Amino acid sequence: MPRTRKSHHVRQDVTRLPAGSDARWRAEYRQAQYERALIGIQPDLLGGPTVEVFRASPKQPPPQAWSPDYEVELFHDLAPEEQARRLAADPQTPFARTTRAILTAEEIGALVAGAANWLRVGQPVRITGAPLTLDGCAERRVGRTGVIWRLCSAVFADHVYVNLDLIGAERSEKVAFVELRDVAPIT
């Protein structure tokens, strides 16, 4: 059954943005996504708000079997004696420790240089890995697709913003901050 919602969408005026700019591309992309999902607009005969009818997003595929290529040690999995020892040594001890390698400046430079052939705003990508998080939100993104939404400054040259494709019951745009080593281009 199609989704419906009250009409709050205002067509963006992309002509005020410079041609070829990333901001204009993002505005055009959002408008194209809106138009692709829109089935129709139904005005209310009695003066109520207009209702927009949308196609449902595709169902979420079953998650891929993914296991990190690094070891993770969770604090709550330790024996009570070990927990007490670590807390005595450091009251701010982390809830989890990971062996995921932190990239050096040379490795970041090589990673960015290697991605120079395909890394651009609008490039379709798939998320192939993630760091471990306590709530598991990053791991749930593995296997998701989207487009490069924004490139980062030199400070975060090894990260990008990815606008994730909507799946299942998702209704709002999701832009994730992802490490460059965790994305792969879709050709």
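**Overall fold**

The model is predicted. The protein chain has 3 helices and 10 strands. Along the sequence, these elements follow the pattern β-α-β-β-β-α-β-α-β-β-β-β-β. The chain holds 187 residues, and buried residues make up 30% of them. Contacts also reach across the sequence. Among those between residues at least 6 apart, 52% join residues at least 24 apart.

**Helix α1**

Helix α1 covers residues 22-37, which gives 16 residues. From first C-alpha to last, α1 reaches 23 Å. That is close to the 22 Å expected at 1.5 Å a residue. Several α1 residues are buried: Arg24, Arg26, Ala27, Tyr29, Gln31, Tyr34 and Ala37. Two of these names are arginines, Arg24 and Arg26. The partners of the buried α1 residues lie in strands: they pack against β2 (38-42), β3 (51-54), β7 (145-151) and β8.

**The largest nonpolar core**

The largest nonpolar core has 13 residues. Trp118, Leu119, Val162, Leu180 and Val183 have the most contacts inside it. Strands β6 (124-127), β8 (159-164) and β9 (174-179) each supply at least two residues of this core. Strand β8 gives the most, with 3 residues.

Val162 shows how a core residue is surrounded. Setting aside neighbours within four places in sequence, Val162 is in contact with Val125, Gly146, Val147, Ile148, Trp149, Lys174, Val175, Ala176, Val178 and Val183. Of these, Val183 is also listed among the core residues with the most contacts.

Glu179 is found in strand β9. Why does Glu179 count as buried? Its relative accessibility is 15%, and buried means under 20%, so Glu179 qualifies. Leaving out residues up to four places away in sequence, Glu179 touches Arg100, Pro131, Asp158 and His159.

Val51 sits in strand β3. Val51 is partly exposed because its relative accessible area is 25%, between the 20% and 50% limits.

Each of these residues has a partner from another part of the sequence. The table gives both pairs.

| Pair | Separation in sequence | C-alpha to C-alpha distance |
|---|---|---|
| Glu179 and Asp158 | 21 residues | 5.8 Å |
| Val51 and Ile41 | 10 residues | 5.9 Å |

Asp158 is also one of the residues that Glu179 touches.

**The second largest pocket**

What is the volume of the second largest pocket? It is about 320 Å³. The pocket is lined by 15 residues. Gln60, Arg140, Val142, Gly143 and Arg144 lie nearest its centre. By class, the lining of this pocket has 6 nonpolar, 4 polar and 5 charged residues.

Technical notes:
Residues are numbered from 1 along each chain as its sequence is written. This is a predicted model: local features need pLDDT of at least 70, side-chain atom pairs count only at pLDDT 80 or more; totals for chains, interfaces and linings use all residues. Side-chain values use heavy atoms; hydrogens and water are left out. On a 1 Å grid over the protein atoms alone, a cavity is a set of points where a 1.4 Å probe fits but cannot get out, and a pocket is an open set with protein on both sides within 12 Å along at least five of seven lines; lining residues have an atom within 4 Å of a point. Grid points are joined across faces, edges and corners, and a volume is the space filled by probe spheres set on the points. Ala, Val, Leu, Ile, Met, Phe, Trp, Tyr, Cys and Pro count as nonpolar, Asp, Glu, Lys and Arg as charged, and the others, Gly among them, as polar. A nonpolar core is a set of buried Ala, Val, Leu, Ile, Met, Phe, Trp, Tyr and Cys residues joined through side-chain atoms within 4.5 Å. Buried means under 20% relative accessible area, exposed over 50%, partly exposed in between (1.4 Å probe, protein chains only). Helices (H or I, at least four residues) and strands (E, at least two) are DSSP runs, numbered from the N terminus. Contact means heavy atoms within 4.5 Å. The expected span of a helix is 1.5 Å times one less than its number of residues.
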